[in-house]
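Subject: Handing over the structure

Hello,

Here is the structure I promised to pass on to you. Please open it alongside this email, and I will walk you through what turned up.

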Amino acid sequence: MKKNLSILFVFIFSLNGFAQVEPTAGKWPTWFIPTVKEYWVKPLSDVSSEKSQVIRMQQSIDPSMLQQIQYWNAGSPGYRWMNMMAGLWMSGAGNNGALANMLLSVATYDATVAAWDIKYAVNRPRPFESDKRIKAYVPDPHSPSYPCEHAVTAGVAVTIIAHFFPDMADSVRKLSQQMIEARIASGVAYPSDTKDGFALGQRIALKEIEQTKGYPVKQQWDGKRPEGKGIWQGTPMFPMAGKNKTVLLDSSSQFRPGPPPDFAKDMQELKTFKPNFPSMANAFYFASESFWDEVLHKKVLEYNIHLNPPLAARLYAISAVAMYDGFTACWDAKYAYWGTRPDQYDTTFHPVLFFTPPFPGYPSGHAMLGSVMAEVYSDFFPADQAYFRKRAVDGAESRFQGGIHFRTDNEVGLEMGKKVGAAIIQKVKAFEKQKSNTLSLHK
């Protein structure tokens, strides 16, 4: 696997026109499956009969199908599914939500590596390449047809989402069928490419669900909280999330900060702060938008990484692991101290945001997780480091401006996140080096 991602590499890669997309990606190290070889699927030896199916579908393409083709071709194969998960994981699966979010991206990456191992061994041409009667309705993917990478990703997504959000099962299955039909109609996949690809994604997702079933702690909150001044009150959200098993950090408490101070000075600063239009706009923006998800999608598009499914999947997987471990570490600290919020410290104070999140305030989750992601993204895109770090500070400041965090919450969160982000980057590089060495011994 690539050890480092540089702007120069991506730029040169794009200039080469993607003559082949990562032909050696099938040898990249995986996260939760030891080897991709056990997931090999044998393709049909002859696809001549399938060409007629593709042609028939293209003959019946209407505006609705054209819209589906464009919709599912946007971004990398996981783009639409990750957007769906972004709106689910914090509210729909309890203590399993963070794991669900992480597994979607990590299993997609592992399944993509498996798919690439098969692709360049089978080396099946795309339908539009092998029959002049078939038209490509999307840009040339510049990789072999079998198995379909979009179907592989859909198999992962449907399995993960249906498992953790069973009420969504029928909906995601219908969406996956729309996606499969769109890829066949677009002229870049045969029916067997999508059928076998979907099954491959399913198998790997099921394996990784099983591999990580012990990550969320099963223990229930005992209803107890510390006594004394400055203790947050209320019905807590995810009170046991800080006990979950981490992926790369040694433990959730590895970078736990010291206890919070008395917030008297912080409270005075907050009460004397005068909100204005820019401060309120910043507060509401970070309260309502998934900035760190969106900016990664944006950078993947800006650097043309969406045209390189294995590389895109790698960045999304590392980011998802960073979010998972960062979230677990942040919640460990929150429920280690149960630090209060401004409107509980001083009941006469009313936040600009009109609400207070249902969990302790110290340290700030926005500040801590934003700082984690800023460090990780800076490793992906070094030229954008100043931008990422500034947005982490903006996100932290938004919670002070919104009146739901003390400045100390934010400062401690930013510093903690920077440490966690740096540790994750270091562990990722060590993990990839170790895995690559292991692979080289078995060639």
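A charge is said to sit over a ring if NZ of Lys or CZ of Arg is within 6 Å of the ring centre and within 35 degrees of the ring normal. Please keep in mind that this is a predicted model. With that rule in hand, have a look at Lys119, which lies over the face of Trp116, 5.1 Å from the ring centre.

Besides Tyr71, its contacts include Trp72 and Ala74, once neighbours within four places in sequence are set aside. Gly413 is 333 residues away from Arg80 in sequence, and their C-alpha atoms are 30 Å apart.

Next comes Trp81, also placed in helix 4, which covers residues 79-86. Is Trp81 buried or exposed? Its relative accessibility is 1%, so Trp81 counts as buried. Leaving out residues up to four places away in sequence, Trp81 touches a list of residues that includes Trp72, Leu104, Ala157, Ile161, Val172 and Leu175. From Trp81 to Ala136, 55 residues along the chain, the C-alpha separation is 24 Å.

Helix 3 (residues 63-73) packs against helix 8 (residues 169-185) at an angle of about 100°, and their axes are 9 Å apart. The two helices are therefore roughly perpendicular to each other.

Finally, the aromatic rings. How many aromatic pairs does the structure hold? There are 27 of them. In one, the rings of Phe238 and Phe327 have centres 6.0 Å apart and planes at 75°, so the pair is edge-to-face. Phe238 lies in the loop between helix 9 (191-211) and helix 10 (264-272), and Phe327 in helix 13 (residues 309-337), so the pair ties together parts that are 89 residues apart in sequence. Both Phe238 and Phe327 are buried. Elsewhere in the list, one aromatic cluster includes Tyr285, Phe286, Trp292, Tyr377 and Phe388.

Notes. Residues are numbered from 1 along each chain as its sequence is written. This is a predicted model: local features need pLDDT of at least 70, side-chain atom pairs count only at pLDDT 80 or more; totals for chains, interfaces and linings use all residues. Side-chain values use heavy atoms; hydrogens and water are left out. Axes are lines fitted to C-alpha atoms, for helices over the stretch in contact, and angles run from 0 to 180 degrees between N-to-C directions. Helices (H or I, at least four residues) and strands (E, at least two) are DSSP runs, numbered from the N terminus. Angles under 35 degrees count as roughly parallel, over 145 as roughly antiparallel, 65 to 115 as roughly perpendicular and the rest as oblique. Rings of Phe, Tyr and Trp (its six-membered ring) pair if their centres lie within 6.5 Å; planes under 30 degrees apart count as stacked, over 60 as edge-to-face and the rest as tilted. Buried means under 20% relative accessible area, exposed over 50%, partly exposed in between (1.4 Å probe, protein chains only). Contact means heavy atoms within 4.5 Å.
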